[in-house]
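Q: Hi! Could you walk me through this structure with me? I'd like to start with charges and rings, then move on from there.

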Amino acid sequence: MARQSMGWNPFNQKRWLLMFLLLLVFSISTVIVFIIRPAFNCGWQKQYYQGTGDTQIHLTSPTVNNQNPLEFMNSKLVLLVSHELSLSGGPLLLMELAFLLRSAGAEVVWITNRIQTEEDDVVHSLEHKMLDRGVQVLPANGHEAVETAIKADLVVLNTAVAGKWLDAELKEHVPLVLPKVLWWIHEMRGHYFKLEYVKHLPFVAGAMIDSHTTAEYWNNRTRERLGIKMPHTYVVHLGNSKELMDVAEDSVAKSVLREHVRETLGVQNEDILIAIINSVSRGKGQDLFLRSFHESLQMIQEKKLHVPMMHAAVIGSDMNAHTKLEMDLRKFVIEKRIQDRVHFVNKTLTVAPYLSAIDVLVQNSQGRGECFGRITIEAMAFQLPVLGTAAGGTTEIVVDGSTGLLHSVGKEGVTPLAKNIVQLATNPDKRPTLGKKGYERVKSRFMERHMTERIASVLKEVLQKAKKDLPS
């Protein structure tokens with residue numbers, strides 16, 4: 001069978017202590033910001049980008065400002081509505097926003113518009129994390145939820161699906177709330193374009209989207225398919241948390257984590273470890289990645305190239321789900337007799353150890369690609385080259401030939417990705433060169449302070465618009 005990461009082998013006492021402290025600090029912070037610094041050293045001015053059609057898409061660019069960019073949110077009441085509470089990107093980003101707002105003194109209320117049919121340990125854990133940070137958690141239905149929406153200074157709907165909550169719960173109060181709604185959209189899949197989800201989209205104060213590509217897609221798709229117009233649309237690229245950057249810039253910590261993870265997987269220090277880090281699904285392209293990896297091994301053998309032993313890691317697996325894709329991935333590995341080269345690692349929020357251990361990240365999202373793809377900027381922070389699909393937000397992060405190499409989506413991309421893997425395997429100097437450029441790009445564009453300033457600029461404008469449009 002293909003290898004499944006199950007546990008961590010014993011170390012000496014000093015290494016165990018350091019490992020424990022590192023994992024304790026960074027177990028969640030790679031995705032959610034738990035410690036927010038009170039001051040930031042970067043500000044942003046607004047610029048504009050005219051997309052196709054009539055919708056104006058607002059962008060941002062840096063200036064200098066030492067104040068907390070969200071201080072104007074002090075004492076404001078903010079209602080956050082999520083379609084679910086899980087370990088997926090959308091809910092975790094909204095939690096991050098909740099903590100940023102709390103750090104600025106805002107009163108934050110969270111609603112999850114999904115009925116839990118049974119006890120969920122993940123939901124329970126995430127709710128308690130929010131409660132510990134002063135975020136109020138309310139049920140999606142009932143008088144208190146409606147009253148909060150009416151009283152709130154700002155309502156943030158997270159993902160297109162959250163739009164169902166408006167009519168279901170607010171009913172006749174919908175027109176009163178729409179002028180103060182900011183709709184944060186992360187989806188790139190066509191099945192989200194349903195009027196039952198987004199019919200109120202033209203009437204909200206604004207839409208916030210993670211990449212220019214996605215903003216253009218929504219602008220065109222809503223007009224052509226649904227016959228509705230997007231509201232003012234703000235593009236906000238995400239940023240890496242200070243906690244993740246602390247690990248990425250600590251050579252000792254990375255060295256310890258690298259040795260520990262590789263020992264667990266059975267990978268030698270001199271071996272090349274290539275990983276894809278996403279929840280396993282067709283859209284994330286793990287199946288095509290493994291085909292590319294197998295093809296790269298064949299190329300190396302046929303051309304008699306001298307390279308270190310190569311390994312692939314699929315991080316984000318869930319064997320408990322017993323999905324057809326999970327079973328197909330393992331079947332493929334067995335059929336191609338590469339069980340000793342491929343390692344499956346269960347879903348985790350603790351990505352810092354794995355980013356410390358690998359040599360190359362593959363971002364292989366299919367179709368229209370990722371809306372943004374936060375794991376990409378996290379990998380670049382660790383000075384890793386990225387092999388990504390030339391689609392979606394990845395094209396706004398990875399500079400082809402400078403910080404990584406891009407390939408086509410679909411089956412057409414299997415061989416190009418295999419060739420890119422071979423290129424990095426046979427050119428050991430190219431990996432750190434690409435990685436360094438990627439790190440420099442992250443430092444200049446994709447830090448927590450950049451994201452916070454971008455969001456602050458959006459919230460300030462939305463609040464002003466809501467104050468003007470709400471009935472007196």
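Q: Where does the charged end of arginine 330 sit?
A: Over the ring of phenylalanine 344, 4.1 Å from the ring's centre. For a charge to sit over a ring, NZ of Lys or CZ of Arg has to be within 6 Å of the ring centre and within 35 degrees of the ring normal. Keep in mind that this is a predicted model, where local features need pLDDT of at least 70, side-chain atom pairs count only at pLDDT 80 or more, and totals for chains, interfaces and linings use all residues. Residues are numbered from 1 along each chain as its sequence is written, and side-chain values use heavy atoms, with hydrogens and water left out.

Q: And which ring does arginine 133 sit over?
A: That one is phenylalanine 99, with the charged end of arginine 133 placed 4.7 Å from the ring centre.

Q: Okay, rings with rings now. How many aromatic pairs are there?
A: The count comes to one aromatic pair. It is phenylalanine 372 with phenylalanine 446, edge-to-face, at 6.0 Å centre to centre and 65 degrees between the planes. The rule takes rings of Phe, Tyr and Trp (its six-membered ring) whose centres lie within 6.5 Å, and calls planes under 30 degrees apart stacked, over 60 edge-to-face and the rest tilted.

Q: What parts does that pair tie together?
A: Phenylalanine 372 lies in the loop between strand 14 and helix 14, and phenylalanine 446 in the loop between helix 17 and helix 18 (448-469), so the pair joins parts that are 74 residues apart in sequence. Helices (H or I, at least four residues) and strands (E, at least two) are DSSP runs here, numbered from the N terminus.

Q: Are those two phenylalanines buried or exposed?
A: Both phenylalanine 372 and phenylalanine 446 are buried. Buried means under 20% relative accessible area, exposed over 50%, and partly exposed in between (1.4 Å probe, protein chains only).

Q: Switching to salt bridges: how many does the structure hold?
A: It holds 13, a salt bridge being a side-chain nitrogen of Lys or Arg within 4 Å of a carboxyl oxygen of Asp or Glu. Lysine 199 and aspartate 167 make one of them, with the closest N and O atoms 3.0 Å apart. This pair links distant parts of the chain, 32 residues apart: lysine 199 is in the loop between helix 7 (195-198) and strand 9 (206-209), and aspartate 167 is in helix 5 (residues 164-170).

Q: What about aspartate 359 and arginine 258, buried or exposed?
A: Aspartate 359 and arginine 258 are both buried. They form a salt bridge with the closest N and O atoms 3.5 Å apart. The two are 101 residues apart, with aspartate 359 in the loop between helix 13 and strand 14 (360-363) and arginine 258 in helix 10.

Q: Which residues link up in a network?
A: Arg282, Asp287, Lys324 and Asp328 are linked in a network of salt bridges.

Q: Pockets next! How much space lies in the largest pocket?
A: About 1500 Å³. On a 1 Å grid over the protein atoms alone, a pocket is an open set of points where a 1.4 Å probe fits, with protein on both sides within 12 Å along at least five of seven lines, and lining residues have an atom within 4 Å of a point. Grid points are joined across faces, edges and corners, and the volume is the space filled by probe spheres set on the points.

Q: What lines it?
A: There are 48 lining residues, and Leu87, Ser88, Gly89, Gly90 and Lys284 are the closest to the centre of the largest pocket. Helix 2 gives the largest share of that lining, five residues.

Q: And the second largest pocket, which residues lie nearest its centre?
A: Arg258, Ile358, Asp359, Leu384 and Arg431, out of 17 lining residues. The second largest pocket has a volume of about 330 Å³. Helix 10 (251-265), helix 13 (352-357) and helix 17 (430-445) each supply at least two residues of its lining.
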